[in-house]
Amino acid sequence: MPTSSRKIAASLPALAAALTTVRWWIQGSGNLYTDTSHGSYQPDPDLGWRFVEEGPLWLGLDAVGVLVGLSVAVFVVGWWIDRRASTGGPWGPVLWGVGVLSLGLPIAAFATGLPPDDARDQLPEQQVQAPTEGVAASLPGLAAGRYAVAEDPAQGVIVATVSAGGEEFQSRFTGLRGTWTGDPSDLGTPMEAIVEADPRTVDTGVELRSKHAHEYLQVEAFDVMRLQLSSLSATEAAADGAVTFAGPGTLTFIGDELDVDVTGTLRALDQAARRRLGLATAHAIKVTAGFFVPIAQTKLSAHASDFSADRIPIQVELILIYETTSNPSE
């Protein structure tokens, strides 16, 4: 295999690595790992943000490293062939084939395009000015009783923003279930809220990283994450018709029970929104809530050095659907 031919064959994966680097830079997410179908959050008039799972091929720095290594390997193998034989035999076409095929990766990524301009890689944090005292606002016109958490994965999610391994990423938990029993028109009355998620649904966007998350969360031993609230300490009317709230909660996380301060917003969904979301009910509430999990108070403390922060922000997005009249004090 002539030296010039070997150099050209080796330059093809090097060119692929350069194109992959360009694609990675254009993506703008700074991701370390490749995602074969990059999901993104896109604006939604009713949910705020809707997660769209099907997306473009999202190249990571791992792909750049593989292609650089492949370029070196092609050059070295070609050099070895030159040293051992006067002709490359079948190895020459093989090396050329490897070089040409390597170009397919960045070409495929560019062909799949990019998400819409207004899409986000992470669920945007909801900025809530939490009320400090007094239950001064409610949601009039909604029936008192028991509301169930909508089980549609598109309408309910728990998102943990994790800083670890030199990057920040979000872990999504879907398949939410639970109930809220109370009176939306009088949020100062007794209430009971329970929201559960299966930690085995955790998805970090990268298969290997999600497997590591399973290990950290000990999902085989602890198969439920649960947030409970029995009262709100304060509410306040927002300018857009929503109600902001604050209240003490109890989080069951990897088998431990933690006291957490929960803040968020409640918004009654109008008829048009309910129709768009396919909800066959006259009463539905969009809930956004947030709190922090202190790593030192959980079983994650055994891996504290792996994290870049001492607490994990949690965001809960769900819809409550009216089920039946019930006594909130029961």
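Is Leu277 buried or exposed, and what is its relative accessibility? Leu277 counts as buried because its relative accessibility is 9%, where buried means under 20% relative accessible area, exposed over 50% and partly exposed in between, with a 1.4 Å probe and protein chains only.

Before I go on, a word on the model: it is predicted, so local features need pLDDT of at least 70 and side-chain atom pairs count only at pLDDT 80 or more, while totals for chains, interfaces and linings use all residues. Residues are numbered from 1 along each chain as its sequence is written, and side-chain values use heavy atoms, with hydrogens and water left out.

Back to Leu277, which sits in the loop between α6 (271-276) and β13 (284-294); helices (H or I, at least four residues) and strands (E, at least two) are DSSP runs, numbered from the N terminus. Beyond its neighbours within four places in sequence, Leu277 has contacts (heavy atoms within 4.5 Å) that include Asp46, Leu47 and Arg50.

Now have a look at strands β1 (residues 40-44) and β2 (residues 48-52), which pair in the antiparallel sense over five bridges; pairing needs at least two DSSP bridges between two strands. A hairpin of three residues joins β1 to β2, and Pro43 has Trp49 in β2 as its bridge partner.

What about Leu277 and Arg177? They are 100 residues apart along the chain, and their C-alpha atoms are separated by 18 Å.
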